[in-house]
Amino acid sequence: MDRLDAMGVTVDIASLDAGIDEQELIEFTRELVRTHTPHEEGRGERAVADLLRAKFAEWDWEAEYFEADGRPNLVVTLSGGAPGPTLAFEGHMDVVAEGDPEQWTVDPFGGEIRDGKLYGRGAADMKSGVAAMLYGTRALQLSGPFPGRVRLLLLSDEEGMMTGAKAAVANGFVRDVDGVICCEPEGDEVCPISKGAIRLRVDFTGVMSHGAMPFQGRNTLPAMARTVLALEALEHTLIREVGDRPPLGAPSITPTVVRAGTPDQMNTITGTSALYLDVRTVPGVDHETLLKRIGQCVDTATRESGIGSSVTVIDDRPWVETASDTSFVTALVDAHEIVNGARPSLGGVPGTTDGTILTHYGEVPSVVYGPGGKWIAHKADEFVAVDDLKRYALTYAVAAHRFLHARS
């Protein structure tokens, strides 16, 4: 039996590998992809939750169930039979909508396999990660007793307001966790750092009037335009101040949505309008300070023209960073090298994940690492390489084995 000793922890690779039924793993991932769970529907996760609970019952796993904003969440905790630390794996059950079906060359929810790739919405983001973390944990369990515990967090609404992760923190499900591996697609990079995100709505209030008599009203749109230009200048200033932060890149302030008037009333100056902003931050950017600066930009751009304004924070997700020498991160890095024969790159998450919430609000260190390309999420013809499924499941099993034994 093949055994590999790495940093003082003996890992029985053959035993872990034997515990993963690759064909079953592939078919289960296809079932997950075929289960229609777009985030916009707000109810699709129930079908995935039912599928997961059926698998848990098959393996005699007990799941704790809780709801967040009416959406289902599942937690499974497996004890290895001896005292030790707790390692968590996290995955979300929702996916974004498929978009225009005409842009797809396959059925977005067909789970088709072609040329070694499994296609479908959520194939990479992140139903393959969910499947791999389940089967990796199952392989660890089948290989024999282990110290400590493994906890699986299957959460809802990651593509929205991350209510599942917030509720998991509020309900104490990460209070005793020593580290979380978020199984999002990162293209073989181990990512202990993630950008922060702030979602903002800026409301403008003027006076409605006839388009032929603009002097009788106060048009909010020029004020909005000045605001956009002022925020662009602030973004440039912010980049000069903190610089480019590899591997995350630079901070950004991006207008994404404008709401003002209606085309059927082009002859009317609207009295109200709204601008939505997607702000991304990196280490060195303090969110509270940045919000004050954004507020000052808006006030300066609107006050002199008599336009009222207000800035509302829709969501605030600070950037997070886990030290790369944290024991569960090094266990994951070593596991990747053991399974794949090469040291992985340390990268960064360009967006935010549930790990952002678990780390910032739950005060538990997290790292992001999962099957699928780093840039494939949310695109048409989303796919994951079929070979990634078992490869990642085995890596998760080895990482858990190394971390739990090394800390015991």
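Trainee: What should I know about the model before we start?
Mentor: Residues are numbered from 1 along each chain as its sequence is written, and side-chain values use heavy atoms, with hydrogens and water left out. The model is predicted, so local features need pLDDT of at least 70 and side-chain atom pairs count only at pLDDT 80 or more, while totals for chains, interfaces and linings use all residues.

Trainee: How many disulfides does the count give?
Mentor: A disulfide here is a pair of cysteine sulfur atoms within 2.5 Å. For Cys183, the nearest cysteine sulfur belongs to Cys182 and is 7.3 Å away. By this rule the count is zero.

Trainee: Is Cys183 buried or exposed?
Mentor: Buried means under 20% relative accessible area, exposed over 50%, and partly exposed in between, with a 1.4 Å probe and protein chains only. Cys183 has 0% relative accessibility, so it counts as buried.

Trainee: Which residue stands opposite Cys182 of β9?
Mentor: Two strands pair if DSSP finds at least two bridges between them. Strand β5 (residues 81-92) runs parallel to β9, joined by four bridges. The residue opposite Cys182 is Glu90.

Trainee: Which strands stand at the edges of the open sheet of four strands?
Mentor: The order in this sheet is β13-β15-β11-β16, with antiparallel pairing. Each edge strand has a single partner, so one side of each is left without a neighbour in the sheet. The edge strands are β13 (252-260) and β16 (308-317).

Trainee: What is the bridge partner of Thr254 in β15?
Mentor: Eight bridges join β13 to the antiparallel strand β15 (residues 272-281). The partner of Thr254 is Asp278.

Trainee: At what angle do helices α3 and α4 cross?
Mentor: Axes are lines fitted to C-alpha atoms, for helices over the stretch in contact (heavy atoms within 4.5 Å), and angles run from 0 to 180 degrees between N-to-C directions. The axes of α3 (residues 45-58) and α4 (residues 123-142) come within 12 Å. Val48, Leu52, Lys55 and Phe56 in α3 meet Lys127, Val130, Leu134 and Tyr135 in α4. The crossing angle is roughly 15°.

Terms used:
Helices (H or I, at least four residues) and strands (E, at least two) are DSSP runs, numbered from the N terminus.
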